[in-house]
Amino acid sequence: MVAKKSLTLAQRYMLVSFLVMLGGMVGIGLWMSQQIETAVTNRTAAVTALYVDSYISPHLQGLADGDNQNGVDVAALERLLSDTSLGTQIVSFKVWSPAGVVLYATNPELIGQQFPIEDGLAAAFNGEVVTEVSDLDKPEQALEREQWGTLIETYAPSRDAGSDTIIAVSEFYQTSDGLE
(Lines give C-alpha, C1' and ligand atoms only; values in the text may rest on other atoms or scores of the structure.)
Protein backbone atom coordinates (compact mmCIF):
# COMPACT_ATOMS: atom_id res chain seq x y z
CA MET A 1 0.00 0.00 0.00
CA VAL A 2 1.15 3.54 -0.72
CA ALA A 3 2.39 5.35 2.33
CA LYS A 4 0.25 8.26 3.48
CA LYS A 5 3.14 10.72 3.19
CA SER A 6 3.76 9.95 -0.47
CA LEU A 7 0.22 10.94 -1.57
CA THR A 8 -0.05 14.38 -3.03
CA LEU A 9 -2.77 16.76 -1.97
CA ALA A 10 -4.67 16.06 -5.20
CA GLN A 11 -4.44 12.28 -4.64
CA ARG A 12 -5.69 12.62 -1.08
CA TYR A 13 -8.60 14.73 -2.32
CA MET A 14 -9.44 12.10 -4.96
CA LEU A 15 -9.27 9.28 -2.38
CA VAL A 16 -11.52 11.08 0.11
CA SER A 17 -13.90 12.08 -2.70
CA PHE A 18 -14.08 8.46 -3.85
CA LEU A 19 -14.87 7.23 -0.32
CA VAL A 20 -17.55 9.90 0.15
CA MET A 21 -19.07 9.05 -3.24
CA LEU A 22 -18.97 5.31 -2.50
CA GLY A 23 -20.64 5.84 0.89
CA GLY A 24 -23.28 8.06 -0.71
CA MET A 25 -24.01 5.47 -3.41
CA VAL A 26 -24.40 2.69 -0.84
CA GLY A 27 -26.65 4.85 1.36
CA ILE A 28 -28.84 6.01 -1.52
CA GLY A 29 -29.04 2.44 -2.88
CA LEU A 30 -30.22 1.08 0.46
CA TRP A 31 -32.74 3.90 0.85
CA MET A 32 -34.07 3.38 -2.70
CA SER A 33 -34.48 -0.37 -2.22
CA GLN A 34 -36.44 0.28 1.00
CA GLN A 35 -38.65 2.82 -0.80
CA ILE A 36 -39.31 0.38 -3.65
CA GLU A 37 -40.14 -2.44 -1.22
CA THR A 38 -42.56 -0.19 0.67
CA ALA A 39 -44.24 1.02 -2.51
CA VAL A 40 -44.65 -2.48 -3.96
CA THR A 41 -45.93 -3.83 -0.65
CA ASN A 42 -48.43 -1.01 -0.23
CA ARG A 43 -49.66 -1.27 -3.82
CA THR A 44 -50.09 -5.05 -3.62
CA ALA A 45 -51.87 -4.79 -0.30
CA ALA A 46 -54.15 -1.94 -1.39
CA VAL A 47 -55.34 -3.81 -4.46
CA THR A 48 -55.83 -7.03 -2.53
CA ALA A 49 -57.61 -5.14 0.29
CA LEU A 50 -60.10 -3.80 -2.26
CA TYR A 51 -60.80 -7.32 -3.46
CA VAL A 52 -61.08 -8.60 0.09
CA ASP A 53 -63.46 -5.80 1.02
CA SER A 54 -65.59 -6.40 -2.07
CA TYR A 55 -65.71 -10.17 -1.73
CA ILE A 56 -65.43 -10.73 2.02
CA SER A 57 -67.44 -7.91 3.65
CA PRO A 58 -70.81 -9.08 2.28
CA HIS A 59 -70.28 -12.39 4.09
CA LEU A 60 -69.63 -10.62 7.41
CA GLN A 61 -72.76 -8.46 7.51
CA GLY A 62 -74.37 -10.70 10.14
CA LEU A 63 -71.80 -9.28 12.57
CA ALA A 64 -73.54 -5.90 12.38
CA ASP A 65 -76.31 -7.37 14.55
CA GLY A 66 -73.76 -8.39 17.18
CA ASP A 67 -74.04 -12.12 16.36
CA ASN A 68 -70.45 -13.34 16.52
CA GLN A 69 -71.48 -17.01 16.35
CA ASN A 70 -73.55 -16.90 13.14
CA GLY A 71 -72.47 -13.52 11.75
CA VAL A 72 -69.75 -15.01 9.54
CA ASP A 73 -70.85 -16.98 6.46
CA VAL A 74 -68.13 -19.61 6.82
CA ALA A 75 -69.16 -21.67 3.79
CA ALA A 76 -69.04 -18.61 1.52
CA LEU A 77 -65.63 -17.56 2.87
CA GLU A 78 -64.20 -21.03 2.33
CA ARG A 79 -65.51 -21.05 -1.26
CA LEU A 80 -63.96 -17.64 -1.90
CA LEU A 81 -60.62 -18.67 -0.45
CA SER A 82 -60.43 -21.91 -2.39
CA ASP A 83 -62.32 -21.44 -5.69
CA THR A 84 -61.31 -17.93 -6.80
CA SER A 85 -58.23 -16.04 -7.92
CA LEU A 86 -58.38 -14.21 -4.58
CA GLY A 87 -57.80 -17.52 -2.84
CA THR A 88 -54.70 -18.24 -4.88
CA GLN A 89 -53.08 -14.98 -3.74
CA ILE A 90 -53.87 -15.36 -0.04
CA VAL A 91 -51.96 -18.03 1.91
CA SER A 92 -53.62 -17.38 5.28
CA PHE A 93 -56.73 -15.47 6.36
CA LYS A 94 -58.38 -14.38 9.63
CA VAL A 95 -61.44 -12.36 10.59
CA TRP A 96 -61.21 -10.45 13.88
CA SER A 97 -63.98 -9.08 16.08
CA PRO A 98 -63.58 -5.65 17.74
CA ALA A 99 -62.91 -7.54 21.00
CA GLY A 100 -59.84 -9.30 19.54
CA VAL A 101 -61.55 -12.66 19.04
CA VAL A 102 -60.72 -14.66 15.91
CA LEU A 103 -64.12 -15.26 14.28
CA TYR A 104 -62.80 -17.16 11.28
CA ALA A 105 -59.36 -18.41 10.26
CA THR A 106 -57.88 -20.73 7.70
CA ASN A 107 -56.29 -22.36 10.77
CA PRO A 108 -59.44 -23.61 12.58
CA GLU A 109 -57.56 -23.92 15.90
CA LEU A 110 -57.53 -20.11 16.21
CA ILE A 111 -61.30 -19.66 15.92
CA GLY A 112 -62.73 -18.42 19.21
CA GLN A 113 -59.37 -17.48 20.71
CA GLN A 114 -58.82 -13.94 21.94
CA PHE A 115 -55.59 -12.00 21.43
CA PRO A 116 -54.54 -8.43 22.32
CA ILE A 117 -55.45 -5.79 19.76
CA GLU A 118 -52.14 -4.21 18.83
CA ASP A 119 -50.39 -2.27 16.06
CA GLY A 120 -51.87 -3.04 12.62
CA LEU A 121 -55.04 -4.63 13.99
CA ALA A 122 -55.75 -1.60 16.16
CA ALA A 123 -55.15 0.77 13.23
CA ALA A 124 -57.51 -1.28 11.05
CA PHE A 125 -60.24 -0.98 13.67
CA ASN A 126 -59.69 2.78 13.34
CA GLY A 127 -60.40 2.53 9.60
CA GLU A 128 -56.92 2.22 8.09
CA VAL A 129 -55.64 -0.45 5.72
CA VAL A 130 -52.30 -1.51 7.18
CA THR A 131 -49.65 -3.61 5.50
CA GLU A 132 -46.13 -4.70 6.37
CA VAL A 133 -43.65 -7.42 5.69
CA SER A 134 -44.07 -9.57 8.80
CA ASP A 135 -41.48 -11.78 10.50
CA LEU A 136 -44.41 -13.82 11.88
CA ASP A 137 -43.43 -13.47 15.53
CA LYS A 138 -46.90 -13.10 17.08
CA PRO A 139 -48.50 -16.03 18.96
CA GLU A 140 -51.41 -16.28 16.48
CA GLN A 141 -48.96 -16.66 13.57
CA ALA A 142 -47.63 -20.10 14.60
CA LEU A 143 -49.01 -21.92 11.55
CA GLU A 144 -47.66 -19.30 9.14
CA ARG A 145 -44.27 -19.34 10.91
CA GLU A 146 -43.96 -23.11 10.29
CA GLN A 147 -44.24 -22.69 6.51
CA TRP A 148 -42.73 -19.27 5.70
CA GLY A 149 -40.00 -16.97 6.97
CA THR A 150 -41.78 -13.73 6.07
CA LEU A 151 -45.13 -12.83 4.54
CA ILE A 152 -46.86 -9.64 3.51
CA GLU A 153 -49.40 -9.08 6.29
CA THR A 154 -52.41 -6.84 5.63
CA TYR A 155 -55.27 -5.70 7.85
CA ALA A 156 -58.39 -4.38 6.13
CA PRO A 157 -61.51 -3.12 7.93
CA SER A 158 -64.95 -4.47 6.99
CA ARG A 159 -67.81 -2.04 7.45
CA ASP A 160 -71.52 -2.44 8.06
CA ALA A 161 -73.29 -1.97 4.71
CA GLY A 162 -75.83 0.37 6.32
CA SER A 163 -73.34 2.62 8.09
CA ASP A 164 -69.66 3.42 8.36
CA THR A 165 -69.24 1.25 11.47
CA ILE A 166 -66.37 -1.23 11.36
CA ILE A 167 -67.79 -4.64 12.23
CA ALA A 168 -64.65 -6.73 11.73
CA VAL A 169 -61.12 -6.68 10.39
CA SER A 170 -59.80 -9.11 7.81
CA GLU A 171 -56.17 -10.09 8.21
CA PHE A 172 -54.57 -11.82 5.28
CA TYR A 173 -51.13 -12.91 4.25
CA GLN A 174 -49.48 -13.07 0.85
CA THR A 175 -46.07 -14.45 0.02
CA SER A 176 -43.23 -11.98 -0.28
CA ASP A 177 -41.68 -13.88 -3.20
CA GLY A 178 -42.26 -10.99 -5.60
CA LEU A 179 -40.31 -8.62 -3.36
CA GLU A 180 -37.35 -10.92 -2.92
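## Arg 159 and its partner

At 30% relative accessibility, Arg 159 counts as partly exposed, a class that falls between buried (under 20% relative accessible area) and exposed (over 50%), with a 1.4 Å probe and protein chains only. Arg 159 forms a salt bridge with Asp 164, and their closest N and O atoms are 3.6 Å apart. A salt bridge here is a side-chain nitrogen of Lys or Arg within 4 Å of a carboxyl oxygen of Asp or Glu. Asp 164 is exposed, with a relative accessible area of 58%.

## Basis of the values

This is a predicted model, in which local features need pLDDT of at least 70 and side-chain atom pairs count only at pLDDT 80 or more, while totals for chains, interfaces and linings use all residues. Residues are numbered from 1 along each chain as its sequence is written, and side-chain values use heavy atoms, with hydrogens and water left out.

The structure holds three salt bridges. Side chains of opposite charge can pair when their charged atoms come close.

Lys 94 lies in strand S1 and Glu 144 in helix H5 (residues 142-147), so the pair ties together parts that are 50 residues apart in sequence. Helices (H or I, at least four residues) and strands (E, at least two) are DSSP runs, numbered from the N terminus. Strand S1 covers residues 92-96. Lys 94 is buried at 0% relative accessible area, and Glu 144 is buried at 2%.

Another salt bridge is made by the side chains of Lys 138 and Glu 153 (3.7 Å, N to O). This pair links distant parts of the chain, with Lys 138 in the loop between S3 and H5 and Glu 153 in strand S4 (residues 151-159), 15 residues apart. Both Lys 138 and Glu 153 are buried.

## The loop between S3 and H5

Leu 136 is also found in the loop between S3 and H5. Its phi is near 60°, a positive value in a residue other than glycine. Leu 136 is buried, with a relative accessible area of 0%.

Glu 140 has its place in this loop too, and counts as buried at 8% relative accessibility. The C-alpha atoms of Glu 140 and Glu 78 are separated by 20 Å, and the two residues are 62 residues apart along the chain.

## Surface patches

Glu 118, Asp 119, Glu 132, Asp 135 and Asp 137 form a negative surface patch. Patches are made of residues with over 30% relative accessible area and no salt bridge; like charges are joined within 9 Å, and nonpolar side chains (Val, Leu, Ile, Met, Phe, Trp, Tyr) within 5 Å. Asp and Glu count as negative and Lys and Arg as positive, while His and the chain ends are not counted. Asp 119 lies in helix H4 (residues 119-125) and is exposed, at 60% relative accessibility. Asp 119 has a positive phi of about 40°, although it is not a glycine.

A nonpolar surface patch of about 800 Å² is made by Leu 15, Phe 18, Leu 19, Met 21, Leu 22, Met 25, Val 26 and Leu 30. Accessible areas come from the Shrake-Rupley method with a 1.4 Å probe. Leu 15 is found in helix H1 (residues 9-56) and counts as partly exposed, at 43% relative accessibility.

Notes: Charge placed at Lys NZ, Arg CZ, Asp CG, Glu CD.
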